Amino acid sequence: IYRDVFLWIGGKVRIEPWDVFVKTISANDESAVISVKVEMSSDIDGEIKLDTSILDNDKKTVAVECNLITVKSGKNTIELTYKIDKPYLWNIDTPYIYHFNAQISYLGKKEDDYETSFGIRTLTADSKNGLLINGKQVKLRGGCIHHDHGALGAAAFPAAEYRKLSKLKAAGFNAIRTAHYPPSLALLEIC
């Protein structure tokens, strides 16, 4: 085994791994509109409470929402919209991170919680302007990397992933493509 192995535990109503999708609808220095799509898996029919919040990089709350939702057994999807005043926009030089948190309660008991990180930024790409991040053109300078770490082997050590990416960034890279195997979760989080 050369990648982390996880055991995820959830309640009767839960958010399974990778079932939260955060998208920037619009963003500038004054405000940002963020859309969050939450897919919940349910073993019951009933009413749940979904408490959500967005925290900045200093863990200060910038948006909160509380919803009572009727769920049916199976997959249930809810879309939430948040307005954030004076956001810190993510870019390749200052990758500012926000955190989305969700907590599901059923009959007053916590069933599940979930956290994911994201950056507030707009992305567009076309043949005329190339890649635009927050309306500014970005030239991609990168290369292909393998999943292993030379003499350390194929295990995905977070410190080794960080070292590899730090050296590439110091050499002027701002983009990578992974080869042969999917990238590790540690590499994606460091990116």
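Which residue stands opposite D126 in β10? Select D126 and look across to β10: the residue facing D126 is G130. The model on screen is predicted.

**Stop 1: strands β9 and β10**

Follow the chain from β9 to β10 and you pass through a hairpin of 3 residues.

**Stop 2: strand β7**

Next, select residues 98-106, strand β7. Of its 9 residues, 8 are buried, so the strand is largely enclosed by the rest of the structure.

Now bring in the partners of β7. Strand β4, residues 46-55, pairs with β7 in the antiparallel sense over 7 bridges.

Then move to the hairpin of β7 and β8, where 2 residues lie between the strands. L107 in this hairpin takes a positive phi near 55 degrees.

**Stop 3: the largest nonpolar core**

The largest nonpolar core has 29 residues, and F100 is among the members that touch the most others, along with I15, V38, M40, I48, I54 and I120. Select these seven residues together. Two or more core residues come from each of β3 (31-42), β4, β5 (61-71), β6 (74-85), β7 and β8. In soluble globular proteins, nonpolar side chains tend to be buried together.

Now center the view on I48 and show its surroundings. Leaving aside residues up to four places away in sequence, I48 touches V13, M40, N67, L68, I69, V71, I104, S105 and Y106. M40 is another of the core members with the most contacts to other members.

**Stop 4: the cysteines**

Finish with C144 and C191. How many disulfides does a search of the whole structure find? The search finds 0. For C144, the nearest cysteine sulfur is that of C191, 13 Å away, and C144 is in no disulfide. C191 is in no disulfide either; its nearest cysteine sulfur belongs to C144.

C144 is partly exposed, with a relative accessible area of 39%. C191 is exposed, with a relative accessible area of 54%.

Terms used:
Residues are numbered from 1 along each chain as its sequence is written. This is a predicted model: local features need pLDDT of at least 70, side-chain atom pairs count only at pLDDT 80 or more; totals for chains, interfaces and linings use all residues. Side-chain values use heavy atoms; hydrogens and water are left out. Buried means under 20% relative accessible area, exposed over 50%, partly exposed in between (1.4 Å probe, protein chains only). Helices (H or I, at least four residues) and strands (E, at least two) are DSSP runs, numbered from the N terminus. Two strands pair if DSSP finds at least two bridges between them. A nonpolar core is a set of buried Ala, Val, Leu, Ile, Met, Phe, Trp, Tyr and Cys residues joined through side-chain atoms within 4.5 Å. Contact means heavy atoms within 4.5 Å. A disulfide is a pair of cysteine sulfur atoms within 2.5 Å.
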